[in-house]
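Work through the exercises below with the model open beside you. Try each task before reading its solution.

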Amino acid sequence: MKELLWLIPALPFAGALMLIMLGSRSSKNLVPFIGAGSVGLSALLTLITGIQFLSVGDNVWTQQVWNWITVMNLNLNFSFYLDTLSLVFIFVITFVGFLIHLYSAEFMREDEGYARFFIFLNLFVGSMLILVLADNLLLMYFGWEGVGLCSYLLIGFWYNEEKNGYAARKAFIMTRVGDTALAVALFMLFTTLGTLNIQEIATKAPEVWAVGSSVVVLIGFLLLGGAVGKSAQLPLQSWLPDAMAGPSPVSALIHAATMVTAGVYLIARMHVIFELAPLAQTWVGIIGAITLLIAGFSALTQHDLKRILAYSTISQIGYMFLALGVGAWSAAIFHFMIHAFFKALLFLGAGAVIMLLHHEHNIFRMGGLRKKMPVIFWTFLIGSASLAALPLITGGFYSKDQILWFSLAGEKGNIWFFLAALIGAFITAMYTFRMVFVTFFGEEKTHVSHDAGWLIKTPLIVLAILSTFAGFIELPHTLGHVELFSGLLQPVLPDISLQAELTSKEFIIQLIAAGLSIGGVYIAYYTYVNNPAFASRIKSEINVPYNFWHAGWGFDALYNAVIMRPFVFISTLSKGDVIDRLYEGLVAIANFFNRVFASTQSGIMRWYMMAIVIGTLLVVTLSLLML
Amino acid sequence: MKNVPLEAGLILSGILFVLGLISVLTRRNIIFMLISVEIMLNAAGLAFIVAGARWAQADGQIMFIFILTMAAAEVSVGLALILQIYHQLKTLDSDAANKMRG
């Protein structure tokens, strides 16, 4: 199966190519068959490859597909590199991707861009797989740009609405800022180390740089800049809530499970650089901590169902960045995997709810859906429980608990990270169950016409099972000590060492975390089910911060004033295109002489003869004068 | 007969040439232009005769026969073209054939 590694990213591209050629002429059944089938085959192949890889016990499989760039000592190839880190990622991408493709087969069926949707989705899955399987940074950048492009295409999928195009451009331009930082980091890595191959960088970097040297710290910050753009962290986070303009399967796949985790993958892959640059790593944690709090407060005030989930994604990726920042590499990847399951589940469920309520997005106009759509309700509840990290029974508890523990007890952890994560967990539980109670409980405000089909329900059920049971592969020391997941990643990502004096406190920390999440659920229950007047009273009392949080902490307004207004001002100034005037002048002179000379071509024969005569006179005179 | 000086013949030839040139330039009727071109050709032929007499060789006379023959051929082709122009433009005004302008 090692030889078939290239098929895993190639199959989605092949699916996209087939749909490009045949899509407009295919029946409504053939299109999802090719679209979902290609990713399904990829998932199957991933499963087989994974089983073989793990049973053989190699640490690494590589496969070179093409020779790409060979110039002097720069040797970059189209090669794939499979180790347990990329195995986890391709497993999540292909499996969750396949479930989302199945969901889209029913969700997008009535849309006239049905084939176009699957083409873009397949292109996205192919690019993301290249991103995580690449063995050198340039190929990763290729995948990075590919997913950015597909994100743009899919956010603006319903292009007839102007605001969708605006949201797509906003996403693309903001991630572009991050991409530029990443490109500069690549340039610096190449000029200092002479290679862009990830494994060579990992071996050469400790030899060339001492810990904390300024060059490697700068590279670390630039890599962080690239990751921040793609993963919607501070300061480039405001594109993600607007990206909810795209269809719900897009939000599930791209803006919850995969593309926004590309930043997490980048930092985890380049952990050698971050270990050499402690300042950059600390800032990874700081950005993660601040972002998770900001996004949590914003999510608490939103009333659009998908925007709550978008802010929740920003917040959860903040947790992953926090984990990376304290050196808990495998905990971050574990949280990524569990988050992918429950967040995709929540987005798919939200999409189903919105579709069945005839595109009603406001949760305060929903209600009482518990009885009308039972499967969707129960799966949504399981996903929300995982998000809120309800103790013991959900996967989210185990992954988030690990991060909480390491943020305090890891050797780079400190009390501030821990407090931020703790408050964040409390707020997460609150906004999650606020969402659940307002949407599914209470009296029905919008009528539901019918229930969803099995192609929508099956992915929801599968993801619900995964959200619950996938957590059990990594149990903390106090609760059974199963270390399947971190053991899996052990060859790739270094273990975290703990501060010795705190190891005994693990159980207390878990109790506090569990208590907070249950407390958050209870407060949401009290506010929105038992005593609704309480909610409106609070809202009117904290009106000013409420609106501030609702607007995403004012980042849109800030960027509008600081970046967009001056830019538009300068472009209006140069509307006449001042520098072009010089060239326009040249053109005017050329035109003038053209008209003058053209007028001598009158077409009248006598004119021409006169010209000949004058010319002859001139020549004869001059020759007589010369003699 | 008293010898006619050489310069007189050449001057006559030059005057005839210039007369022909001026009338080509000033006439609008195509047929008159053709006639004027004939005058210019004959003027050139006269210059050749005078030159042949100067060097006492028959080459001048032979050249004149060439010129005459060429003139005849040229007139026939020219008249055929003029007939075509008249067929297209229904006029003999040379200024009417001005389509090839810039």
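**Exercise 1: a strand pair**

Nine bridges join strand 1 (residues 61-71) of chain A to strand 2 of chain A, and the two run antiparallel. Strands pair if DSSP finds at least two bridges between them. Helices (H or I, at least four residues) and strands (E, at least two) are DSSP runs, numbered from the N terminus. This is a predicted model: local features need pLDDT of at least 70, side-chain atom pairs count only at pLDDT 80 or more, and totals for chains, interfaces and linings use all residues. Residues are numbered from 1 along each chain as its sequence is written, chains are lettered from A and ligands numbered from 1 in the order written, and side-chain values use heavy atoms, with hydrogens and water left out.

Solution. 
1. A:Val71 has A:Leu74, in strand 2 of chain A, as its bridge partner.
2. Two residues lie between the strands, and A:Met72 takes a positive phi near 50°.
3. Buried means under 20% relative accessible area, exposed over 50%, partly exposed in between (1.4 Å probe, protein chains only).

**Exercise 2: a loop residue**

Task: is A:Thr394 buried or exposed, and what does A:Thr394 touch?

Solution. 
1. Locate A:Thr394 in the loop between helix 17 (374-387) and helix 18 (395-409) of chain A.
2. Its relative accessibility is 4%, so A:Thr394 counts as buried.
3. Contacts (heavy atoms within 4.5 Å) of A:Thr394, leaving out residues up to four places away in sequence, include A:Ala385 and A:Ser467.
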